[in-house]
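Visitor: I am new to this structure and would like a close look at a single part. Please show it to me before we start.

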Amino acid sequence: MGSASPRDHLMKLLEPVVSAEGLDLEDVTVTQAGKRRLLRVIVDRDGGVSLDDVADVSQAVSAALDEDDAMGHSAYTLEVSSPGVDRPLTEPRHWRRAAKRLVKAELRDGTVIEGRVLAADEGGVDLDVEGAGRRLDYQDLTRGRVQVEFRRFDDVDGDEG
């Protein structure tokens, strides 16, 4: 048997399409929404995703889906968006894109650390934890989550007054 799941097929089909637009394909989900299906395509890149990026990727993805007939003949709605703040940080690029953000990092030993992302590279992430720098290797992390802040770190610089 060994056939790929529909999600795997969509990821394989759409990754080069999204990449050609200069974006990373983060996830693809298909859910039933009444009589229709909803295809969600999550894309991201360093510096964020603009509405123009979403429109361009939507057209490219739609064309690729039509050519491949990956969604079959029944109706579906295509939704292309960037990941929300609640997306888990699991890949080095996720941590890099969270620079200056407050995060909670879950470690393999069960501890949880909260700190601000100073930098991230292919080996790990540097956090400012209560004023002290701390290096965490990805092998020691299970995942992280950006914490919602009503006043971002970037807003504090020079806003007093």
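Visitor: Where does G47 lie?

Guide: G47 lies in the loop between β2 and α2. This is a predicted model, in which local features need pLDDT of at least 70 and side-chain atom pairs count only at pLDDT 80 or more, while totals for chains, interfaces and linings use all residues. Residues are numbered from 1 along each chain as its sequence is written, and side-chain values use heavy atoms, with hydrogens and water left out. Helices (H or I, at least four residues) and strands (E, at least two) are DSSP runs, numbered from the N terminus.

G47 counts as exposed, at 89% relative accessibility. Exposed means over 50% relative accessible area, buried under 20%, and partly exposed in between, with a 1.4 Å probe and protein chains only.

A salt bridge is a side-chain nitrogen of Lys or Arg within 4 Å of a carboxyl oxygen of Asp or Glu. D46 is in the loop between β2 and α2 and R97 is in helix α3, so this pair ties together parts that are 51 residues apart in sequence. D46 counts as partly exposed, at 42% relative accessibility.

R97 forms a salt bridge with D24 as well, and there the closest N and O atoms are 2.3 Å apart. Because D24 lies in strand β1 and R97 in helix α3 (residues 92-97), the pair ties together parts that are 73 residues apart in sequence. D24 is partly exposed, with 27% relative accessibility.

These contacts belong to a wider set. Salt bridges that share partners join D24, E26, D44, D46, R87, R93, R96 and R97 into one network. The structure holds 17 salt bridges. Another of them is formed by D27 and R7, with the closest N and O atoms 2.8 Å apart. This pair links distant parts of the chain, with D27 in strand β1 and R7 in helix α1, 20 residues apart. D27 is partly exposed at 25% relative accessibility, and R7 is partly exposed at 38%.
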